[in-house]
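Please look over the model shown here, with attention to its strands, its loops and its charged side chains.

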Amino acid sequence: MDLFWKVSSDCKLLPSSNENRYTYRILGSTIVDFAPETLRSRSEIAPSAELARRVYSYYRAKSHTGPKGRKLSAGQDAMSKRTRGGTNYESLTPLRNEALSMRQPSNLLVPGCTLFVGLLLGASLGSQVLNRSVQAEHLDPASSERLYRELSQDVSAFQDGSNLLAKIATVTTPCVVHIESERKIQGGRREEETGSGIIMSSAKSPGFYVVTNAHVVDKTPMDSISIHLHDGRVLQPEKVWADPQTDVAVLRINAPNLSSARWGDSQKLEIGHMVLAMGSPFGLSRSVTFGIISAKGRRKLKLGTSEVLNQDFLQTDAAINPGNSGGPLIDMQGRVVGINTAIASASGGNEGIGFSIPSHLVQRVVEQLLEHGVVSRAYIGVKLDDKFDSKTAARLRLDRVQGTRINEVFANSPAAKAGLLLDDVVLVFDGIEVQDHDHLINLVSLSPIGKRIQMVVWRGGKRMNLSIMLADRTELPATSQAPAIPDFGFPVRTMGLTVHPLDRDLAEQLGHAPAEQGLLILKVERQSSLSQMLEPYDILEAVGKESIQSLDDLNRALESHADRASIVLRVRRGTTANSEAVDQLVVWKRDAH
């Protein structure tokens with residue numbers, strides 16, 4: 001609305017035919033009637049443009065507009081009465097140098113005129129807005145041509161950004177592929193999987209290959225994998241490598257006239273940087289969506305039935321939908337900074353939370369697969385506390401939860417040789433501050449095997465510097481590793497035991513009730529202080545008064561009693577032909593082990 005509408009100087013406030021009302025006339029036209037009680041003075045004021053602006057602003061704030069040619073209603077009169085007591089009408093009338101006369105007590109004129117001008121402006125401006133909207137709908141050809149000419153000549157940041165996005169899509173789209181795979185599942189049924197991928201090249205191996213997610217081609221024969229190029233050609237891979245622990249797969253392809261994308265550095269990305277997500281959502285090839293990096297270092301994601309060990313995802317709000325899996329995340333220089341993998345969604349579609357594997361991780365995995373066929377991962381030989389909380393941090397005299405706490409150090413491991421101990425908190429690894437246990441796992445596994453790493457740990461209330469030599473996980477002696485196959489049990493080295501969760505099948509085999517719960521003791525080390533009290537087939541049911549049903553329960557219970565030298569254990573001795581199972585209490589001397 002035009003607040004600069006000017007009131008005509010040919011305005012007069014005159015008595016109306018009704019002796020109890022006054023009429024405002026402009027050039028002889030009756031605009032609106034006022035009741036005398038709404039006026040305060042007989043002052044002469046000028047309805048200037050400044051007055052019009054102030055009155056109209058005030059009147060708009062009261063959500064009260066009187067249409068042109070319409071009298072005030074009883075409700076409007078009442079509103080004038082309600083508001084006049086709390087409003088400084090004199091502040092709305094800065095000028096008094098133009099003629100406007102009226103036969104009425106002087107204390108009523110100013111508020112009446114200000115109220116009227118507000119009504120007049122409201123009616124006039126509403127009419128003008130309507131007129132302008134009508135004019136916009138019937139823009140004349142000359143004005144339309146002029147506006148189009150101006151738009152074609154103007155250069156704005158929006159146009160520059162739009163041109164940049166178009167260039168990125170143009171250079172990257174030929175490298176993006178659509179992947180279809182078909183595999184047999186349980187029961188002889190066939191399952192179809194669709195996804196996306198990006199064509200890349202590497203100095204480690206000649207030719208071209210497609211990078212995608214492992215779950216897109218998991219357990220699928222090569223002749224059941226179809227790679228659809230942007231020009232309509234359909235290829236089958238010559239070879240497939242996959243690394244389930246990062247959900248990355250590589251498919252070698254061979255065809256003329258292929259182009260490859262380029263890697264970017266995901267470690268240089270910052271929250272707020274703009275990115276494009278490309279792929280084939282719902283089978284719609286060559287789709288491009290736009291967003292930003294919403295977060296970095298997302299871990300502890302549950303990705304369906306797969307177990308992804310190395311989690312360090314980028315989070316983006318660029319739309320990612322089913323079919324985008326394996327497609328690239330592109331930065332504003334047209335480089336691949338991530339491989340789209342998963343979404344967080346209650347509906348199954350995009351809700352603005354998508355996750356991509358960062359390119360620095362993908363690139364290392366791809367090069368390892370191309371060069372060696374497998375991914376080598378470094379190992380230090382510790383078990384980390386995934387329940388590290390503020391209570392434990394306070395016990396260790398830390399001012400907050402930071403780094404990751406060591407729960408166990410395996411014998412003959414790099415950690416044991418470096419002097420790492422139970423309750424050490426790893427704060428810094430190779431110059432990088434450790435955020436949590438998953439972060440340390442990523443840092444270790446992505447470091448070169450055989451490299452000597454400097455670490456900072458928290459021990460006894462102060463920081464300590466240690467040096468550790470990283471080893472190859474596959475070459476470590478069995479005595480330094482947690483068992484890779486759960487059926488062989490899980491070592492609890494602090495107690496000198498090997499245990500396995502008791503399930504219904506095991507309980508029935510051992511003569512226990514099917515609902516019996518606890519940890520089945522498979523082995524007791526000879527050097528353990530429990531070797532004279534426990535034996536295989538015993539069931540560990542409780543630590544102190546805390547019931548034990550899983551290995552996590554045991555770890556938490558031991559942690560809660562970490563400051564005690566002796567701990568009471570409740571065990572159930574297995575059944576025999578002549579006796580029933582019985583519960584026994586055993587005192588474990590921690591310092592004797």
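Predicted model: local features only at pLDDT ≥ 70, side-chain atom pairs only at ≥ 80, totals over all residues.

Seven strands make up an open sheet with antiparallel pairing, in the order β10-β9-β6-β7-β8-β12-β11. β10 (234-235) and β11 (239-243) are the edge strands; each has a single partner strand, so one side of each has no neighbour in the sheet. The pairing of β10 with β9 (residues 225-228) is antiparallel and runs over 2 bridges. In one of the bridges, I227 is partnered by L235 of β10. Helix α7 (residues 359-372) lies across β7 (190-202), β8 (205-213), β11 and β12 (248-253), and runs at about 50° to β12.

**Two loop residues**

Q311 is located in the loop between β14 and β15 (313-316). Its relative accessible area is 8%, which is under the 20% limit, so Q311 counts as buried. Apart from neighbours within four places in sequence, Q311 is in contact with R298, R299, K300, L301 and N442.

S325 belongs to the loop between β15 and β16 (328-330). S325 is also buried, at 14% relative accessibility. Residues up to four places away in sequence aside, S325 touches G195, S196, T212, N213, H215, V216, N340 and T341. The C-alpha atoms of S325 and A214 are separated by 9.6 Å, although the two residues are 111 residues apart along the chain.

**A nonpolar patch**

M274, F290 and I292 form a nonpolar surface patch, with about 260 Å² of accessible area together. I292 is in strand β14 (residues 287-298) and is partly exposed, with a relative accessible area of 32%.

**Salt bridges**

Side chains of opposite charge can pair when their charged atoms come close. The count of salt bridges in the model is 21.

E182 is partly exposed at 28% relative accessibility, and R190 is partly exposed at 46%. D399 is exposed, with a relative accessible area of 65%, and R400 is partly exposed at 48%. Salt bridges with shared partners also join D385, R395, R405, D423 and E559 into one network.

Key:
Residues numbered from 1 in each chain as written. Heavy atoms only, no water. Pairing = 2+ DSSP bridges. Helix = DSSP H or I, 4+ residues; strand = E, 2+ residues; numbered from the N terminus. Contact = heavy atoms within 4.5 Å. Axes fitted to C-alpha atoms, helices over the stretch in contact; angles between N-to-C directions. Patch = residues over 30% accessible without salt bridge, like charges linked within 9 Å, V, L, I, M, F, W, Y side chains within 5 Å. Areas by Shrake-Rupley, 256 points an atom, 1.4 Å probe, with all protein chains shown as cover. Salt bridge = Lys/Arg side-chain N within 4 Å of Asp/Glu carboxyl O. Buried < 20%, exposed > 50% of the residue type's maximum accessible area, 1.4 Å probe, protein only.
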